[in-house]
Amino acid sequence: MLQILIQGFLLSGLYALIAMGFTLIFSVGRVLDLAYGAYLLIGGYTYFHFSQTLGFPAAAGLALAAVVGCAMGLAKFRLIVKPLGGGHVAVEISTLILAVVLQAGVVLVFGDSSKILLPIVPGVERLEGATVPYSNLLAAVASWIILLGLYCFVRFTHTGRAMQAVSMDARGAVISGIDSDRINAITWMISGALGALGGVFFASYTQLYPGMWVAPLIISVAVVIVGGIGSIIGTLVVAHIVGFMEITVSALIAPELRGVVTMLLIIGVLVLRPRGLFGREEI
């Protein structure tokens, strides 16, 4: 039972980090970024290339992954989202195509075989019979530090308050003098950084392979739908519900069913409460 609680805590923090960038994009930009999983894919491979191929320190690899994620987010907004005028279907289809193209690019450069990321922090801690890898503990702690920093940024900075204004009423924000294009660009950059860092931690938790972007995208969609599209609190709470559910099912029933339970949760919430557990909340 202690192992389930510890693993559930570690996985939930990671899921919260992964899903938060997806929630930000929908809350501010009002679109579902179906290439969001590509941030994780490119972030994971960026870390692998610099840290394990070129021998950069782990901290440098993480920083470079975040920078690449930022650049991807900005490029996606400037080259795809803005030219399409925020049209939901067009943006969603275009971003999905982008994810497939990026996956093909990864196969071309790195090959299609799976790769194992070395632990960011080697070693394990044994507590009352439970095994806690230091690398997974770092991922959970880093996730919470990043989420706390994001909360403080959104709540207590001028740019963060502008993001809240655009989230609440984009037209009203423009009338009041807020540069909505700038705010949207910053939001996409933050989302890219969160996704890229989440990709490094996710790949270290599982493994690195060209199709790894699909599972995090499904997890993000699941967390956002169940929590309530655009709800920051909902994202945090449901990330923990999904994380603990998956670990419990994997440990007590069968590892192959962990994803099935998440999908059943989505269906149940859509049938019983289409707005999600927390409804829609502006950031």
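**Exercise 1. List the residues in contact with Phe 202, leaving aside its neighbours within four places in sequence.**

Solution. Step 1: contact is taken as heavy atoms within 4.5 Å. Step 2: with neighbours within four places in sequence left aside, Phe 202 is in contact with Leu 14, Tyr 15, Ile 18, Leu 40, Gln 207, Met 212, Ala 215, Pro 216 and Ile 219. Step 3: note the basis of these values. This is a predicted model, in which local features need pLDDT of at least 70 and side-chain atom pairs count only at pLDDT 80 or more, while totals for chains, interfaces and linings use all residues. Residues are numbered from 1 along each chain as its sequence is written, and side-chain values use heavy atoms, with hydrogens and water left out.

**Exercise 2. Describe the length, bend and burial of α1.**

Solution. Step 1: the expected span of a helix is 1.5 Å times one less than its number of residues. For the 28 residues of α1 the expected value is 40 Å, and the distance from its first C-alpha to its last is close to this, at 40 Å. Step 2: there is a bend of about 25 degrees at Ala 19, where the bend is the angle between axes fitted to the seven residues ending there and the seven starting there. Step 3: α1 is largely enclosed by the rest of the structure, because 23 of its 28 residues are buried.

**Exercise 3. Is Asp 33 buried or exposed, and which polar contacts does its side chain make?**

Solution. Step 1: Asp 33 lies in the loop between α1 and α2. Step 2: its relative accessibility is 1%, so Asp 33 counts as buried. Step 3: a polar contact is a pair of N or O atoms within 3.5 Å; within protein, one must be able to donate a hydrogen and the other to accept it, and residues adjacent in sequence count only if both atoms are side-chain atoms. The side chain of Asp 33 reaches the backbone nitrogen of Ala 35 at 3.1 Å, and a polar contact of 2.9 Å links it to the side chain of Lys 76. Step 4: beyond four places in sequence, the contacts of Asp 33 include Phe 22, Tyr 39, Thr 95 and Trp 188.

**Exercise 4. What do the buried residues of α4 pack against?**

Solution. Step 1: α4 (residues 88–110) has 23 residues that should span 33 Å, and its end C-alpha atoms are 32 Å apart, which agrees. Step 2: its buried residues are Val 91, Glu 92, Thr 95, Ala 99 and Val 106. Step 3: these pack against α2 (36–53) and α3 (58–81). Step 4: Leu 98, also in α4, is partly exposed at 23% relative accessible area. Leaving aside neighbours within four places in sequence, Leu 98 is in contact with Ala 35, Lys 76 and Ile 80.

**Exercise 5. Where do the buried residues of α11 fall, seen down its axis?**

Solution. Step 1: in α11 (residues 258–272), the buried residues are Thr 262, Ile 266 and Val 269. Step 2: they fall within an arc of 75 degrees, so they line one face of the helix; the arc is that of the directions from the helix axis to the C-beta atoms. Step 3: the face turned away from the buried side carries the exposed residues Leu 264, Ile 267, Val 271 and Leu 272. Step 4: the buried residues of α11 pack against α9 (214–227) and α10 (232–252).

Key: Helices (H or I, at least four residues) and strands (E, at least two) are DSSP runs, numbered from the N terminus. Buried means under 20% relative accessible area, exposed over 50%, partly exposed in between (1.4 Å probe, protein chains only).
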